[in-house]
Amino acid sequence: MNDWFDASLRFQKQILDAQRRTLEAGSQAVGAGDALVQVQEATRKAAEANLAAFQAWARLWGAGPW
């Protein structure tokens, strides 16, 4: 009986350890996703700034309908 109890405890500890590692991996994935969103936002802002600069340049030289 003692062997079954010990084996059960070891098995439960292994399951808890695997779940802990799964949660850690999920947390890292969320962090990576947050970083990706920040990169996308920065890229969008840079593209908008480039468009505004081009439009200002075009207006300055009369080269466009902007």
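**Surface and overall form**

I began with the accessible surface of the protein, which comes to about 6000 Å², and noted that 64% of it belongs to carbon and sulfur atoms (Shrake-Rupley method, 1.4 Å probe; for residues, only the protein chains shown count as cover). I kept in mind that this is a predicted model, in which local features need pLDDT of at least 70 and side-chain atom pairs count only at pLDDT 80 or more, while totals for chains, interfaces and linings use all residues. Residues are numbered from 1 along each chain as its sequence is written, and side-chain values use heavy atoms, with hydrogens and water left out.

For secondary structure I found one helix and zero strands (DSSP runs, H or I of at least four residues for helices and E of at least two for strands, numbered from the N terminus). I then looked up the dimensions: the C-alpha trace spans about 90 × 10 × 5 Å along its principal axes. The radius of gyration is 28 Å, whereas a compact globule of 66 residues would have one near 11 Å (taken over C-alpha atoms; the globule rule is 2.2 Å times the number of residues to the power 0.38). Of the 66 residues, 2% count as buried (buried is under 20% relative accessible area, exposed over 50%, partly exposed in between, with a 1.4 Å probe and protein chains only).

**Salt bridges**

I next counted four salt bridges in the structure (a side-chain nitrogen of Lys or Arg within 4 Å of a carboxyl oxygen of Asp or Glu).

R21 is partly exposed at 48% relative accessibility, and D17 is partly exposed at 30%.

**Nonpolar patch**

Last, I recorded that F54, W57, L60 and W61 form a nonpolar patch on the surface with about 530 Å² of accessible area together (patch residues have over 30% relative accessible area and no salt bridge; like charges are joined within 9 Å, and nonpolar side chains, Val, Leu, Ile, Met, Phe, Trp and Tyr, within 5 Å). W61 lies in helix α1, residues 2–61, and counts as exposed because its relative accessibility is 60%.
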